[in-house]
2 protein chains.
Amino acid sequence: MAVEWARGGPDLLVTLDRGAGPLGVQIQTQLRAAIRARRLGAGERLPSTRRLAELLGVSRGTVVDVYEQLLAEGYVESAVGSGTRVASLPADGPARQAPAFAAPFHPIEADFEYGIPDLGSVPLADWSWAVSEATRTLPTAGLGDEDPAGVRHLREIVTAYHRRVRSGCAVAEDAVVVSGFRQGLAFALATLAQHGIQRVALEDPGPREHDLIARRAGLDPVPVRVDDHGLDVARLRETGARAVLLTPAHQCPTGVALGPSRRRDLVAWADEVDGVILEDDYDAEFRYDRQPVGSLQGLDPARVIALGSVSKTLAPAIRLGWVLAPPRFVAGIVQEQRLSSRGAPVLDQEALALLMESGRFDRHLRRVREIYRARRDVLAAEADLAFGPGKLHGLAAGCHALLRLPDGTSERAVVAAAATMGVRVNGLDHYRFASAPATEPRPPALVLGFGNVSERQIRKGIRTLAKAVRHQTAP
Amino acid sequence: MAVEWARGGPDLLVTLDRGAGPLGVQIQTQLRAAIRARRLGAGERLPSTRRLAELLGVSRGTVVDVYEQLLAEGYVESAVGSGTRVASLPADGPARQAPAFAAPFHPIEADFEYGIPDLGSVPLADWSWAVSEATRTLPTAGLGDEDPAGVRHLREIVTAYHRRVRSGCAVAEDAVVVSGFRQGLAFALATLAQHGIQRVALEDPGPREHDLIARRAGLDPVPVRVDDHGLDVARLRETGARAVLLTPAHQCPTGVALGPSRRRDLVAWADEVDGVILEDDYDAEFRYDRQPVGSLQGLDPARVIALGSVSKTLAPAIRLGWVLAPPRFVAGIVQEQRLSSRGAPVLDQEALALLMESGRFDRHLRRVREIYRARRDVLAAEADLAFGPGKLHGLAAGCHALLRLPDGTSERAVVAAAATMGVRVNGLDHYRFASAPATEPRPPALVLGFGNVSERQIRKGIRTLAKAVRHQTAP
């Protein structure tokens, strides 16, 4: 597809040698070569004759002659009101192939992919307002001299918010703004490695690829079982790890919340081993009928690094997050940020601060909370109907739930069968630690994300899944 | 400073236990604790009584009683039209100290800091327009399912631009969008390391901290001398490195352009050693009286990785850049992006594509090019006056130049003396490879960035520098 440059498009690079023969011939030769080599693509607009003449310091007549010659030769086309454009040439070499994508078996009718918020509800007008405000209010110097820790205003807002809404106790000096959860995790782990921590425990099942991220940061990841009360702290003790990463508010992917006695055990463990707890305060914003539980960071600020982002509360497209860390780790995390990418975009940081401070962020959360609550209710009702009561777990918060399948069902077969019927879903095994021993029982289950799927699609999707399961378990 | 939440601010986390005594007492106790612990800061607004009652499922009267009690106890204050706010409490513990910054000796009157564009000219209204357009035109699905390589539209625009303006020859499939030069460099080097390249040559003097970034990526950095024709390719051959990073269009910090025979030698070297050239196509946008030279990437697309960003053409605050790589390296760079931060913000990527396609980017470049040209002319005239002709080098392009100092002058002493007179500048030594042998002669010089300093400040600054130099060289 041709790039649609407005007006004449950007300057063209043509190099003239004033001692090497007629300038018109030089321009012609170079334009011809650029078009042949596809440096100028078919349909792409050339600069106006006036502009190119100005640019090259030649008379306009010279350029007019060149364009007429190229027109005559078929290299360019001319249309009234649209200027001079590059013509389509026959292919003169092996065209580069676009990479082949694996086509889905079927058009997707219900997508239970995990971790995607309702994209139709992203507050785009609010975001646009916030960016515009940021361009108006940010001091000029703020456009250049970036603090890799992040914009002070955003660090103040994020920590005040975390103190107020999540019962945290970090201040702006403890916060580093990052591009999202992954970047925050990578920086925090690299900093722990520099502090002599060699092993990090991860939830099993748990979020995908965190083991890879840990290895890249120089740590040795070890799996720890998750049961009905969350991470098994007794098992954690056995690993010898001095750091653990977990999702206490709403475990990914099982949906359980870390139980009260487990929270106490975890904090006691950290104290005993001089350890660090990495808290992915994931889905804490979306609770439905459970008492809110404060962040672990508020409980033990000297040992907890809290990680957050707006990928699920606003949209992945905004790419902002934060790390709230005990003071001894902050300098290391800032240094990681400085050497990796210098920081997140300042205008976006200021925009997020304004979005939160103005109340628009909360208004958005309240709005989508109701949408998710309704979807959750439909999901629960449909699952009860289709699979019998008590099969759906982890529904107290967030945007995903766990559907237990009859013993002996093959997750893989159900997922594949569902795909042929237009339903995208993942099995629980998808979230298990690749290198963990398979000695534990692994009852089959599906992880159902319902953030970006309509109530109608949920109804349809659950019925399709029931069909796929029956197909697998039929004698 | 108090956070200025609009209206009542975000929800407050208060946890009620319906079996544990009067609810009003529980709310009171928790608010008091939150204020004492500074989780709620002085001046911070509390939710309205109506909102808090709703949130906690208690009667409004209960909350009114709580607020009145706290008011009586001095924890909160009330003002007509401004709601209930947290009062200032006397400090009850060691307050956290704000980090101490090294104060400059003097207010800065001229800042010749290198690498900062004219921040007063950043096209903020255009950027705001572009973000707003992006929120309106980006398909909903684009807000969630990010391609770590970057938004297709931007990759098409950036490569078409590079082909047209820089004589490049990359297509969208060769491009990966990153947060800026540093992130692109880190990803490219990590990918080269995976391809078995162990050593990377860096310009000496050259951009700062690139040796650190190379080491973090798992490579061994080695310095190669820069002379009046740019990087010394004969020396490069001796290093045994199979990768080299350089700034051919306008060397950082000496300002020389890589000479024509050096360009040929460099490409021949890459072919001989099966090597890779990392091209920092830095300052190529700002040429004044030199013939434009195409990018190395266009000359040898199979061996050159081109790195670019908008940090100097637009502003560091926008944080977007790109890597254009030979096909065999693209998957590795994309994987680095996926595991590090998933990608740059999609809305910003789309905004930049629209900015470039609409012609606003070029209009901005033309505008600032004239500003920089005028500053350069003033700088050249003032330097001739103050130091005698021929002392200023590297002025043909870009936003910085090199001022040679009389032999025997101490750069460090001049820089320090200038600082006490309100002029910020760096010596050339600041850009030398820390671990390189100091056997080469190192004639003293200052690096003068003139991107973000007005003509008046340049005049003043150069006179001050002349004074600082005289002071050092006086017998």
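**A friendly note on how chains A and B meet**

1. Let us begin with one pair of residues that you can find on screen. The side chains of A:E44 and B:R164 come together in a salt bridge, with N and O 3.1 Å apart. Please keep in mind that this is a predicted model. How many salt bridges does the rule find across the interface of chain B and chain A? The rule gives eight.

2. Next, look at polar contacts between the chains. Between chain B and chain A, 26 residue pairs are in polar contact, with both residues at pLDDT 80 or more. Several elements of chain B give two or more residues to the side that touches chain A: α4 (124-137), α5 (152-166), α6 (181-194), α7 (210-216), α11 (327-340), α12 (346-357) and α13 (360-387). Which of these gives the largest share? That is α5(B), with eight residues. Sorted by class, the side of chain B that touches chain A holds 39 nonpolar, 20 polar and 30 charged residues.

3. Now step back to the interface as a whole. On the chain B side, 89 residues are in contact with 91 residues of chain A. The area buried between the two chains is about 7700 Å², and carbon and sulfur atoms give 53% of that area.

4. One pair of helices deserves a careful look. Two packed helices are described by the angle between their axes and the distance between the axes. Here, helix α4 (residues 124-137) of chain A packs with α4(B) at an angle of about 175 degrees, and their axes are 9 Å apart. Angles over 145 degrees count as roughly antiparallel, and therefore α4(A) and α4(B) are roughly antiparallel to each other.

5. Which residues make this helix contact? From α4(A) come A:L124, A:W127, A:S128, A:V131, A:S132 and A:T135, and they meet B:L124, B:W127, B:S128, B:V131, B:S132 and B:T135 in α4(B). By class, the contact of α4(A) with α4(B) has six nonpolar and six polar residues, and no charged ones.

6. Salt bridges can also be counted over the whole structure. A search over all chains finds 68 of them. One that you could look up inside chain A joins A:D271 and A:R303, whose closest N and O atoms are 3.7 Å apart. This pair links distant parts of the chain, 32 residues apart: A:D271 sits in helix α9 (residues 260-273), while A:R303 is in the loop between α10 (296-299) and β10 (304-309).

7. The backbone has some details to check too. Where is there a cis peptide bond in chain A? The bond from A:D204 to A:P205 is cis, with omega near 0 degrees. A:P205 belongs to the loop between β5 (199-204) and α7 (210-216) of chain A. In chain B, a cis peptide bond joins B:D204 and B:P205, with omega about 0 degrees. B:P205 lies in the loop between β5 (199-204) and α7 of chain B.

8. Finally, look at two phi angles in chain A. A:S167 is not a glycine, yet its phi is positive, near 60 degrees. You will find A:S167 in the loop between α5 (152-166) and β4 (175-178). A:R342, also a residue that is not a glycine, has a positive phi of about 70 degrees. The place to look for A:R342 is the loop between α11 (327-340) and α12 (346-357) of chain A.

Definitions and conventions. Residues are numbered from 1 along each chain as its sequence is written. Chains are lettered from A and ligands numbered from 1 in the order in which they are written. Side-chain values use heavy atoms; hydrogens and water are left out. Contact means heavy atoms within 4.5 Å. Buried area is the accessible area (1.4 Å probe) that two parts lose on being put together, summed over both. A salt bridge is a side-chain nitrogen of Lys or Arg within 4 Å of a carboxyl oxygen of Asp or Glu. A polar contact is a pair of N or O atoms within 3.5 Å; within protein, one must be able to donate a hydrogen and the other to accept it, and residues adjacent in sequence count only if both atoms are side-chain atoms. Helices (H or I, at least four residues) and strands (E, at least two) are DSSP runs, numbered from the N terminus. Ala, Val, Leu, Ile, Met, Phe, Trp, Tyr, Cys and Pro count as nonpolar, Asp, Glu, Lys and Arg as charged, and the others, Gly among them, as polar. Axes are lines fitted to C-alpha atoms, for helices over the stretch in contact, and angles run from 0 to 180 degrees between N-to-C directions. Angles under 35 degrees count as roughly parallel, over 145 as roughly antiparallel, 65 to 115 as roughly perpendicular and the rest as oblique.
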